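Please open the structure in your viewer, with the sequence panel beside it, and keep the selection tool ready. Each stop below says what to select and then what is found there.

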Amino acid sequence: MAEESWNEARLIPTSGINGAEEAERRATSALLAVMSAVKEFGRALVQPLGAPAGALQTFIEVPFSLGERRLYPDGLIRCARGQRSWTALVEVKTGTNELQRDQLEAYLEIARSQGYDCVITISNEISPAAGVHPTTVDKRLLKKVALHHWSWSQVLHEAVMQKEHRGVADPDQAWILGELIRYLEHPRSGALELDDMGPGWVPLREAVTAGTLRASDKALPQVTARFDALLRFASLRLGRNLGTDVTPALSRRELSDPGLRAQALSSSLVSSGVLDGAIRIPGTVAPLTIEVDLRSGRITCAVEVEAPKEGRQTTRVNWLVRQLKSAPEDVRVEASSVRSRGPGAVALLRAVREDPSVLVEDPQRDLKAFRIARTSPMGSKRGRGRGSFIDSVLAAVEDFYGDVVQHLKAWSAAPPRLREPVEELPTHSALDSNALSSQDGAEVAVDGAGDLAAPGQTV
């Protein structure tokens with residue numbers, strides 16, 4: 001038998017997984033074991049939850065009594081440093097299994113009675129916003145015990161970021177973390193990517209097309225939450241490829257009150273059939289915005305760039321065009337001017353390359369900013385695969401970032417340049433009129449495009 005057909009031994013094998021219960025038990029044990037073995041990875045996960053910087057102890061299926069019931073949370077994490085101790089109960093779901101409110105409330109009761117700090121849930125459900133749990137529980141139970149959620153996509157993101165980008169000091173620990181990544185990326189592990197927009201997606205999409213969608217529609221909250229979850233998933237996926245932390249771009253008000261974001265999305269869907277959002281990528285000129293028009297079936301990705309503050313108007317356009325030399329010709333460019341209202345001049349990139357003046361409506365008004373956008377077809381299916389909404393959004397975001405956003409740099413003024421020294425002329429007396437002066441060479445000027453003009457030339 002050829003060696004190419006041999007199966008390599010794995011630290012965490014996917015063979016032998018029979019059913020959801022076995023997948024949950026194996027995923028829980030693998031994750032918690034690696035968290036305690038690879039300190040950088042474990043620290044990256046629990047530090048944002050308030051855990052001290054100590055070694056992690058992890059356990060699975062720890063028994064507790066709650067009244068007459070015997071309960072077994074999937075896991076427990078403990079961390080101690082000095083006199084401070086931090087403990088969390090862990091509840092895990094894999095595949096399409098969803099977290100159950102009754103179960104979570106029981107674990108919150110146990111954590112409160114034991115003096116534990118929090119309950120952590122892990123599933124394929126993605127929170128619509130940071131700090132928002134996908135399952136609603138009795139808020140009275142959260143007065144002394146916190147409830148946190150990790151999606152499996154987030155766990156995989158942290159594992160890849162730590163191994164490939166931040167680094168693991170010990171080579172053996174790095175290999176162990178790599179084995180966890182291999183396991184989570186395997187379809188049989190039950191750690192799935194976002195793969196469904198929910199049962200309300202198709203009827204809501206049809207209602208938008210027919211113009212019958214109302215604010216009281218029961219599918220609205222579900223679809224808006226799934227859309228925000230899709231933005232978070234797109235951020236995690238893009239960040240994993242870039243090696244940086246990509247996050248949804250939310251206002252301070254939306255971060256403090258997540259209900260505002262859901263309300264705004266619902267109102268937009270009812271009034272115009274549009275879902276929109278933005279993601280923030282470190283080091284880029286501006287957030288990448290995503291607008292989905294369910295009526296026209298189109299996805300528009302866009303980014304706004306401030307125009308240079310000096311130079312002729314066509315020079316400012318050419319500054320942008322040079323940065324878009326590898327962008328597709330169907331990219332749309334819109335220019336806005338200072339002290340102007342309404343939309344500015346707009347043209348496709350192919351036309352702007354041929355004639356930069358098509359974006360200059362009034363040469364007397366300075367260009368203020370450029371909006372670069374690209375529109376692509378929207379998939380309609382609720383799941384994953386060809387023709388799906390999720391895949392069409394992910395492809396639109398990643399293609400627009402690769403073709404446009406990653407090539408853009410913000411304009412910055414050139415540093416002032418020293419004047420060229422004037423050649424010293426021979427002198428005949430102390431009062432010679434040819435003596436050097438600070439005004440020598442002052443007639444050198446700079447034209448509007450930033451080019452030096454020689455003495456005696458007009459600009």
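**Before selecting anything**

This is a predicted model, in which local features need pLDDT of at least 70 and side-chain atom pairs count only at pLDDT 80 or more, while totals for chains, interfaces and linings use all residues. Residues are numbered from 1 along each chain as its sequence is written, and side-chain values use heavy atoms, with hydrogens and water left out. Helices (H or I, at least four residues) and strands (E, at least two) are DSSP runs numbered from the N terminus.

**Stop 1: helix H2**

Select residues 39-46, which form helix H2, and colour Glu 40, Phe 41, Gly 42, Leu 45 and Val 46, the buried residues of this helix; buried means under 20% relative accessible area, exposed means over 50%, and partly exposed lies in between (1.4 Å probe, protein chains only). These buried residues pack against helix H1 (20-37), strand E1 (56-60), strand E5 (84-92), strand E7 (146-151), H4 and H5, where contact means heavy atoms within 4.5 Å.

**Stop 2: Glu 61**

Move on to Glu 61, in the loop between E1 and strand E2 (64-66). Most residues other than glycine have a negative phi. Glu 61, however, has a phi near 50 degrees, a positive value in a residue other than glycine, and at 36% relative accessibility Glu 61 counts as partly exposed.

**Stop 3: the pair H4 and H5**

Two packed helices are described by the angle between their axes and the distance between the axes. Select residues 152-166 (helix H4) together with residues 171-185 (helix H5): their axes come within 10 Å and cross at roughly 145 degrees. Here the axes are lines fitted to C-alpha atoms, for helices over the stretch in contact, and angles run from 0 to 180 degrees between N-to-C directions. H4 passes H5 in a left-handed crossing, a term used if the near helix is turned anticlockwise from the far one by less than a right angle.

Which residues of H4 and H5 meet? On the H4 side, show Trp 152, Val 155, Leu 156, Ala 159, Val 160, Gln 162 and Lys 163, which meet Ala 174, Leu 177, Gly 178, Ile 181, Leu 184 and Glu 185 in H5. The residues of this contact divide into nine nonpolar, two polar and two charged; Ala, Val, Leu, Ile, Met, Phe, Trp, Tyr, Cys and Pro count as nonpolar, Asp, Glu, Lys and Arg as charged, and the others, Gly among them, as polar.

**Stop 4: helix H9**

Select residues 258-272, helix H9, whose 15 residues should span 21 Å at 1.5 Å a residue, and whose end C-alpha atoms are 22 Å apart, which agrees; the expected span is 1.5 Å times one less than the number of residues. Within H9, Arg 261, Leu 265, Ser 266, Ser 268 and Leu 269 are buried. Seen down the axis of H9, these buried residues fall within an arc of 160 degrees, so they line one face of the helix, the arc being that of the directions from the helix axis to the C-beta atoms. The face turned away from the buried side of H9 carries the exposed residues Gln 263 and Ser 271.

What covers the buried residues of H9 includes helix H6 (201-210), helix H7 (219-242), helix H8 (252-256) and strand E9 (274-280). Just after H9, Gly 273 takes a positive phi of about 70 degrees.

**Stop 5: Leu 269 and Val 208**

Centre on Leu 269, which is buried with a relative accessible area of 1%. Not counting residues up to four places away in sequence, Leu 269 touches Leu 204, Val 208, Leu 213, Leu 220, Thr 224, Val 274, Leu 275 and Leu 294. Val 208, in helix H6, counts as buried at 4% relative accessibility. Leaving aside neighbours within four places in sequence, Val 208 is in contact with Leu 213, Leu 269, Gly 273, Leu 294 and Arg 295.

**Stop 6: Phe 389**

Finish at Phe 389 in helix H12 (residues 389-403). Is Phe 389 buried or exposed? Phe 389 is buried, with a relative accessible area of 0%. Apart from neighbours within four places in sequence, the contacts of Phe 389 include Met 197, Trp 201, Phe 227, Leu 230, Val 292 and Met 378. Phe 389 and Met 378 are eleven residues apart in sequence and 6.1 Å apart in space, C-alpha to C-alpha.
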